[in-house]
Amino acid sequence: MGVEVVVDGLSKSFGAQTIWRDVTLTLPPGEISVLLGPSGTGKSVFLKSLVGLLKPERGKIVINGVDICTCPERELYEVRKLFGVLFQDGALFGSMNLFDNIAFPLREHTRKSESEIRRIVLEKMEMVGLIGAEEKLPGEISGGMRKRAGLARALVLDPEIILVDEPDSGLDPVRTVLLNQVIVDLNAQIDATILIVTHDINTARTVPDNIGMLYRRNLVMFGPREVLLTSPEPVVVQFLNGRPDGPIGMTEEKDTGADELARLSEISVPPMMPQLDVTPGMPERTAVRRRKERVLRQLRSLAPSAQQEILKTLTPEELALYGFSAPATGAWPQQTEPIAPTPAPLPQDEVADVPQQVRPTPYPREPEAPPWGGAPEQTAEPVESSRRRWFGRKRGEQ
Ligand SMILES: Nc1ncnc2c1ncn2[C@@H]1O[C@H](COP(=O)(O)OP(=O)(O)OP(=O)(O)O)[C@@H](O)[C@H]1O
């Protein structure tokens with residue numbers, strides 16, 4: 001299984017320009033996460049920080065117990081081996097055929113024999129659907145194939161964390177969906193932790209288990225997909241609807257007028273779309289089951305709209321197991337007492353030694369602080385003050 005990536009209080013500037021500050025989130029192991037954000041909000045800077053190519057001034061990035069912001073170069077080198085990165089353009093060498101491009105990291109970083117290299121390269125080319133294209137040069141193939149070749153190259157060292165920078169850039173919608181399917185299938189096969197940076201709304205709505213968004217130098221939120229995809233925050237509503245009116249303008253610093261915000265408040269986020277499933281014949285994504293358990297433990301700390309969407313994904317058996325009655329038509333499930341298996345009666349002489357049995361609850365009785373942090377609407381904070389904290393004041397406000 002992929003490894004967890006814990007980002008805590010991370011801030012990055014270039015000179016006087018703050019890119020983002022106090023970013024706190026956890027990429028759950030083996031799950032797919034997406035980081036959204038308007039252009040220039042520092043998504044690529046974030047990816048580069050995760051692999052230690054850029055050094056944030058404050059905060060931690062902890063992977064396998066190592067804080068890569070402060071560790072010695074030697075340790076950073078070891079942690080970097082856990083990563084596979086797919087760059088926007090595939091970053092292939094133009095003069096090398098696909099086979100040699102994909103073999104490159106193996107020849108550079110391992111002592112494997114050519115026959116072993118051949119086996120690995122062909123295996124990864126098959127995973128991304130490129131078998132038969134070994135001799136092609138990058139200039140002879142489509143953008144989608146170049147991305148898949150870049151992905152195959154990112155896989156040859158068996159990464160546990162895969163970073164994907166804008167997989168949709170330069171691709172038509174169909175090629176984008178096909179590449180998304182490759183990523184989902186890949187996750188099912190290798191269970192790596194995956195972080196995708198994208199602007200593509202369709203990718204954000206259908207691929208990830210978790211979504212975050214950078215805006216105005218802050219991480220607006222990060223958490224289960226249902227939280228962002230049902231959020232009423234104006235910036236999220238504008239982004240997911242692809243609308244020109246709202247807080248996001250041509251410049252990051254746009255000041256949203258009251259009229260514009262009022263107009264946007266009448267619009268809601270588009271309805272949730274189902275997550276892309278694995279291609280038939282592929283193994284099951286074990287991350288889905290792990291995520292379900294994790295998210296149900298946090299359920300009560302999430303916004304009601306997110307809770308509702310999460311509960312809709314449960315089967316009647318799961319609803320019963322986690323203590324919810326089956327939904328009435330058109331209504332969402334109502335919580336009932338958790339159902340616990342009936343224990344076998346104890347022999348009389350043992351009863352006195354056993355402490356009073358506490359019925360196990362599969363979710364916390366009291367809301368817990370969500371581990372991914374940075375989610376204002378996940379708290380009891382009033383929407384208006386949360387809006388100010390994250391999006392600044394409206395024009396004319398004190
Ligand atoms: N090495 C660098 N030195 C100085 N400034 C940089 C450096 N790298 C990035 N920046 C600045 O950081 C800001 C964020 O850039 P970044 O490429 O991360 O944004 P992004 O969200 O990925 O944008 P896009 O979606 O358009 O790719 C930009 O203003 C950019 O100019």
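**Strand pairing, ligand shell and helix contacts**

Modeller: In this predicted model, strand β1 (residues 5–14) is joined by five bridges to strand β4 (residues 58–63), and the two run antiparallel. Within that pairing, Asp8 has Lys60 in β4 as its bridge partner. Strand β1 is also joined to strand β2 (residues 17–27), here by seven bridges, and this pair likewise runs antiparallel. Lys12 has Trp20 in β2 as its bridge partner. The hairpin of β1 and β2 has two residues between the strands, and in this hairpin Gly15 adopts a positive phi near 60°.

The ligand comes next. Phe14 and Ile19 are among the residues around the ligand, together with Gly37, Ser39, Gly40, Thr41, Gly42, Lys43, Ser44 and Val45. Phe14 falls within the residue range of β1, 5–14, and Ile19 within that of β2, 17–27. Helix α1 (residues 43–50) gives the most to this shell, with three residues. By class, the shell comprises three nonpolar residues, six polar residues and one charged residue.

The helix contacts remain. Two packed helices are described by the angle between their axes and the distance between the axes. Helix α3 (residues 98–109) packs against helix α4 (residues 114–127) at an angle of about 125°, and their axes are 10 Å apart. Because of that angle, α3 is oblique to α4. The crossing of this pair is right-handed. On the α3 side, the contact consists of Phe99, Ile102, Ala103, Leu106 and Arg107, which meet Ile117, Ile120, Val121, Lys124 and Met125 of α4. This contact of α3 with α4 contains eight nonpolar residues, no polar residues and two charged residues.

Helix α5 (residues 143–155) and helix α6 (residues 173–190) cross at roughly 15°, and their axes come within 10 Å. The two helices are therefore roughly parallel to each other. The crossing of α5 and α6 is right-handed. From α5, Gly144, Lys147, Arg148 and Leu151 take part in the contact, and from α6, Arg175, Leu178, Leu179 and Val182. The contact of α5 with α6 divides into four nonpolar residues, one polar residue and three charged residues.

Terms used. Residues are numbered from 1 along each chain as its sequence is written. This is a predicted model: local features need pLDDT of at least 70, side-chain atom pairs count only at pLDDT 80 or more; totals for chains, interfaces and linings use all residues. A residue is near a molecule or strand if its C-beta atom, placed from the backbone, lies within 6 Å of it. Helices (H or I, at least four residues) and strands (E, at least two) are DSSP runs, numbered from the N terminus. Ala, Val, Leu, Ile, Met, Phe, Trp, Tyr, Cys and Pro count as nonpolar, Asp, Glu, Lys and Arg as charged, and the others, Gly among them, as polar. Two strands pair if DSSP finds at least two bridges between them. Axes are lines fitted to C-alpha atoms, for helices over the stretch in contact, and angles run from 0 to 180 degrees between N-to-C directions. Angles under 35 degrees count as roughly parallel, over 145 as roughly antiparallel, 65 to 115 as roughly perpendicular and the rest as oblique. A crossing is left-handed if the near helix is turned anticlockwise from the far one by less than a right angle, and right-handed if clockwise. Two residues are in contact if their C-beta atoms, placed from the backbone, lie within 7 Å.
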